[in-house]
Structures are given as C-alpha cells and as structure tokens.
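Q: Please take a close look at one part of this model. A plain account will do.

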Amino acid sequence: MKVQLAYGSGLIEAELPDSTDVIQPRSVPGLKDEHAALLASLEKPIGCRPLREWLTPGAKVCIIFPDITRAMPSRRILPWLLAFLHQEGVQNEQIVLLNSTGTHRPNTPDELKAMLGEEICERYAVINHVCDCEEDLVQFGHTRSGARALINHRAANAQVRILMGFIEPHFFAGFSGGPKALMPGVAGLETVVSNHGAAHIGHPNATFGITEGNPLWEEMLDIAGRVGPSFLLNVTLNERHQITGWFVGDLAPAHRAGREFVRESAMQKVAAPYDVVVTTNSGYPLDINLYQGAKGMSAAARIAKPGGTIILAAECRDGAPAGSPFDRLLRSGHSPEELLARICSPGFEWPEQWQVQIQTIIQSRLRVLVHSNMPDDQMRAALLEPCPNISAAVKAIGDNLPGKARIAALPFGPLTIPYLSA
C-alpha cells in the first residue's frame, strides 16, 4: 500500500506492505463558523466571568501566543480577538503580544509576520520571550527542586493575561496548551531546567495523556496559578488545521474540557506491538527541527516491540538546530547509553536535556532511523541513523525477520496516541 506521511509543508509517500496497520486520529470536522464560535465562547467561558468583564479601563493586556514550532492558527485568531478587545475599549498601547518561546530560539521578524500577519506586527508591541534574560523575569517562589520560579514580567504584571494555545497530546506533559503558555512558555531557563529535570522526565506518569499524578504537569499548573488568574483561549485542531473546538475560560477547567475532547479522538487502541513503526512529527511546524523529533519517536515507541525499529519522517528544515544546547549535548556523547547515564547522574543540568533524555531512553530499547533533509553526517552526530528511503528500509527490515513482520504507520505522528490494549 502507499501511505501518505505528513512531512514539512506537505506529504511524502511510502510504499509499505499491504498488511500495514495505518493508525490515525478519529476525524473530527472543523467548526462551520470559527469566528462566531469564538465570540460565543468569550461570552460564556468555562468557569469564570466573560472576558469583557475582565477589561477594566486602562488595563494592561498581555496576550501570550505560541511560537513557530506550534500549529496554532494565530494569524486567523488574533484579528478576531483584537477586534473584540477594541470593541470593549482597549487601545493598541494597552496590549502586548508575548511569544511563548520557552527555551526555543526567538522567532525572526519575518517569521512573526508569517505567524501573526504583517499588520499586527506593525500595530502592536510583539515581543519574543528570552528565557535567560534576567531583567525580564520576576520570581514566584521556588520549584519543587528549589530553583527560582521565574516568569516574564510582561505576563506577570499584566492586569489581564490571555493564554493562547493548541491542545494536543504531549509526550511528557500529558497534553499541550493550558498552563504551558506560562510555564515553560514564558518562564526562566532555571525554572524550565528544574521542571524538566531527569527525575520528572523519568517519572512513569510523565507521558502522553496523563496530567493528574504527573509531577511535571502539576508543577506547571501550580506555577501558572501563582502568577494570578489567567483567561485561557485554547483550540483543538484536526489534521487539516481546522478548528474543531474552542476551550475558553478559567485556566484549569477550560483546559480539562479541552484535553478530554482531544483524548476521544487521539487515543487509538492496538492489539499487539509491532516490529516496525513508521511515524512522523505531524509535518510543519512541529517537524521544523530534530529537537522536536522526540515527540514522533515517543508516540511510536508506545507500540513498538523491544528490539524493534522506529522510522521517523521529519523534515528538520531548521536542522537540529545547529549550535543549540540540544545539538551540543548530543554531539558530546559517544553513544545513547553513555549520554543517558550522564543525564541521570546526580547534579547534572543542561538546557534542553529533556529531549536528549527521551531520545536516548527510546534508543535504549529500539533502533531509531530518521528520514529528513539534514545531511547524513549531522544525523549521525545526533546519534541517529539516517534513512534515505523509508520504503526500502521497511522492506529490508522485514526481509531479515524470521516470520512475517508486524508493521504500523502513524501518518500524523504525535497527533495520534496509540496504546496497547490490556
């Protein structure tokens, strides 16, 4: 069979055995009128007063939006939200648009224009969060491990915080969206490194679909709550990036409603593990770099046999990215096993170590190949095997197994969360 895999801004085709199980999210139709549905949600939010009642005269409004690695349709949504705010008397100079980069690189002016629209970038203050800029951060106590809990002052000091986000399954926070806009979205590097430390990442509940009992997510919610009330504006999307639902209102209950909606479509049960799982990073923007690739690997690893193979299709137009903490840490290791032991050693801290930890945990029991636009030498430096031809690789693996290979494909990667039936 020919299977279309999300890759970059389009699709690539892989020819796989006819017996391949193609596992996808349950299709959910887009809303008929996204704008009207947003306005209705703003008037009847979940668990709090309508947004118009938050807007006192002269109030500073901070709108926190996702960075370029997220599929959030900010360019569609922001004009509607800003028009609503202006209708309620909010002036341009009262509004700051804060890009929740977390520990990622700042987005360029051209990227911001593509994400938000040129007119918005010209009319409003649009600012990249920079996680290691001390003068931008204010403290809200400490994390569980004793690090300072630091949040960007623009978010912390605003009278009205609007948290934009896209709810999808997340490989260690349970689900994206919700408190992640604040923590790690606009948190200090010290805070993120603490929250994403080896003990939390290695916890059995730090995985797709689990929030309660997940120490990582629970601390995110706790720190977000210390900043004060925040108005959540989250969406769910289908594979065509159409909005399928608005989850608007008080942070905790609105996010809970959204993640239960996502759980129904994303979680897919399978009967037995597979020898080979072909996966993706759901295409652009999530497959913009190799750093994000652990998400697609993690979805596939849930249903792969020990000693089996994952083949990840991720364009990586931005490379690892080169010179990032993730890239430098991977290049410092001689093997996945050696790196994993170093990360889990007492006192070890390194920015972005969490992605390396998850990658190397997966590699401790599975072979991982990656089909991308990255040069082979760069992929090998990241301790991964290049895969120039997915179809040929699957055939070669199947030919070398003693019996008939069990093969699965996740065309939309971590938008689908497969799990083994009990």
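Which residues does L290 touch, not counting residues up to four places away in sequence?

A: This is a predicted model, in which local features need pLDDT of at least 70 and side-chain atom pairs count only at pLDDT 80 or more, while totals for chains, interfaces and linings use all residues. Residues are numbered from 1 along each chain as its sequence is written, and side-chain values use heavy atoms, with hydrogens and water left out.

Leaving aside residues up to four places away in sequence, L290 touches C316, G319, A320, F326, M374, M379, A382 and L384; contact means heavy atoms within 4.5 Å. L290 is buried, at a relative accessible area of 1% (buried is under 20%, exposed over 50%, partly exposed in between, with a 1.4 Å probe and protein chains only).

L290 sits in the loop between strand 15 and helix 10. Helices (H or I, at least four residues) and strands (E, at least two) are DSSP runs, numbered from the N terminus. Both elements belong to the surroundings of an open sheet of six strands, ordered 3-19-15-16-17-18 with parallel pairing; two strands pair if DSSP finds at least two bridges between them. Its edge strands, each pairing on one side only, are strand 3 (21-22) and strand 18 (385-386). Helix 10 (residues 293-301) packs on this sheet, touching strand 15 (274-280), strand 16, strand 17 and strand 19 (407-410), and its direction makes about 145 degrees with that of strand 16. Axes here are lines fitted to C-alpha atoms, for helices over the stretch in contact, and angles run from 0 to 180 degrees between N-to-C directions. Strand 16 (residues 304-313) and strand 17 (residues 367-371) run parallel, joined by five bridges; T309 has R367 in strand 17 as its bridge partner.
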